[in-house]
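Here is a short report for a first look at this structure. Keep the sequence and the view at hand while reading.

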Amino acid sequence: MVAKDFKLPTGTEMAVLELLVGKEMHGAEMLKASGRLSRAAIYVILNRMEEKGFISSRVKDESGPLAGRRIYCVTGHGQRAYGAWQHAQAAFAFPLGEGAV
Amino acid sequence: MITIRKPPGMITHARVTLRVRDKHTGEFIPVKAIDDSDNFDLDVSATEEGKILRRKVFVAFAHEMEPRNKAPLIALPPGNLVLDIAEFLCSQGVYERVFLQAILDIREEYFEALSAHRSRKARWVLIRGYLNLAWTVVLQVGTGLISKIVKAAAGSGG
């Protein structure tokens with residue numbers, strides 16, 4: 001049963017979830033770790049994902065030259081979406097020819 | 001002889017002269033020409049008083065020195081104007097989560113390049129950063145408009 005307001009993550013959002021599962025990162029670290037994310041779009045995507053409830057953020061540096069920098073982590077909702085995506089991958093993404101009778 | 005440490009975050013563009021105000025006459029006495037290194041050794045007997053405390057010298061350093069070529073002594077970090085505009089135009093959430101983060105990334109990379117004495121790379125970081133930022137504005141405004149249209153369509157559809 002899928003909730004009415006449940007929104008599936010897009011491909012790029014899934015790439016972000018993949019990076020964030022099990023660890024906290026800030027945007028620049030995500031850019032270095034993934035080739036799929038662009039500098040221009042990363043914070044727009046992260047903001048959208050936060051609004052959807054897939055991730056949450058908190059301010060990492062309260063003072064200093066980088067005061068206000070946020071660090072991101074996955075929420076329970078995001079982990080469930082990621083888990084569902086992995087199950088779907090396992091169920092449907094098999095090489096052509098495999099399973100043919 | 002005392003050692004003065006440059007205040008954190010201060011960028012000196014040119015050779016400057018440290019001057020200390022004479023307590024009695026109110027005049028500024030040039031003490032030492034300094035470059036943009038981090039620490040300076042200063043002979044306190046070079047001043048008329050010879051009794052200047054470390055704290056006073058530090059304050060004098062922070063406030064009273066002037067560059068020889070009248071270039072700004074303390075440079076604002078890049079992106080200040082952009083942040084001011086974004087803070088004025090955008091909601092607090094979008095400002096903090098999108099534009100501030102993007103500018104902080106640019107600043108971090110810019111200062112890394114500067115501290116490695118790679119000024120060309122620093123300039124390139126700024127150019128690339130501002131181009132990316134322009135594209136970020138387009139994406140942010142575009143996705144905001146699309147989501148509003150979708151919500152309005154869903155609302156009118158019942």
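Does Arg69(A) count as buried or exposed? Arg69(A) counts as buried, at 2% relative accessibility. The model is predicted.

## Arg69(A) and its partner

The side chain of Arg69(A) meets that of Glu108(B) in a salt bridge, 3.0 Å from N to O. Glu108(B) lies in helix 3 of chain B, and Arg69(A) in the loop between strand 1 (55-59) and strand 2 of chain A, so the pair joins two chains. Glu108(B) counts as partly exposed, at 25% relative accessibility.

## Other charged pairs

Arg97(B) and Glu50(A) also meet through their side chains in a salt bridge, at 3.1 Å from N to O. This pair joins two chains, because Arg97(B) lies in helix 3 of chain B and Glu50(A) in helix 3 of chain A. Glu50(A) is buried; its relative accessible area is 17%.

Glu109(B) has a salt bridge with Arg128(B), with the closest N and O atoms 2.5 Å apart. That pair links distant parts of the chain: Glu109(B) is in helix 3 of chain B, Arg128(B) is in helix 4 of chain B, and 19 residues separate them. Glu109(B) forms a salt bridge with Arg39(A) too, where the closest N and O atoms are 3.1 Å apart. In chain A, a network of salt bridges links Glu13(A), Arg48(A) and Lys52(A). Over all chains, the structure holds nine salt bridges.

## The interface

Chain B gives 18 residues to the contact, and chain A gives 18 residues. Between them the chains bury about 1600 Å², with 53% of it on carbon and sulfur atoms. Five salt bridges cross the interface of chain B and chain A. Eight residue pairs are in polar contact between the two chains.

On the side of chain B that touches chain A, two or more residues come from each of helix 3 (92-115) and helix 4 (119-156) of chain B. Helix 3 of chain B gives the largest share, eleven residues. By class, this side has seven nonpolar, five polar and six charged residues.

## The nonpolar core

The largest nonpolar core has 40 residues. Val16(A), Leu17(A), Leu20(A), Met30(A), Leu46(A) and Ile55(A) touch the most other members. Elements of both chains give two or more residues to this core, among them helix 1 (11-20) of chain A and helix 2 (80-89) of chain B. Its largest share, eleven residues, comes from helix 3 of chain B.

Leaving out residues up to four places away in sequence, Val16(A) touches Met30(A), Leu37(A), Ile45(A), Leu46(A) and Met49(A).

Conventions:
Residues numbered from 1 in each chain as written. Chains lettered and ligands numbered in written order. Predicted model: local features only at pLDDT ≥ 70, side-chain atom pairs only at ≥ 80, totals over all residues. Heavy atoms only, no water. Contact = heavy atoms within 4.5 Å. Buried area = accessible area lost by both parts, 1.4 Å probe. Salt bridge = Lys/Arg side-chain N within 4 Å of Asp/Glu carboxyl O. Polar contact = N/O pair within 3.5 Å; in protein donor to acceptor, adjacent residues only side chain to side chain. Helix = DSSP H or I, 4+ residues; strand = E, 2+ residues; numbered from the N terminus. Nonpolar A, V, L, I, M, F, W, Y, C, P; charged D, E, K, R; others polar. Core = buried A, V, L, I, M, F, W, Y, C linked by side-chain atoms within 4.5 Å. Buried < 20%, exposed > 50% of the residue type's maximum accessible area, 1.4 Å probe, protein only.
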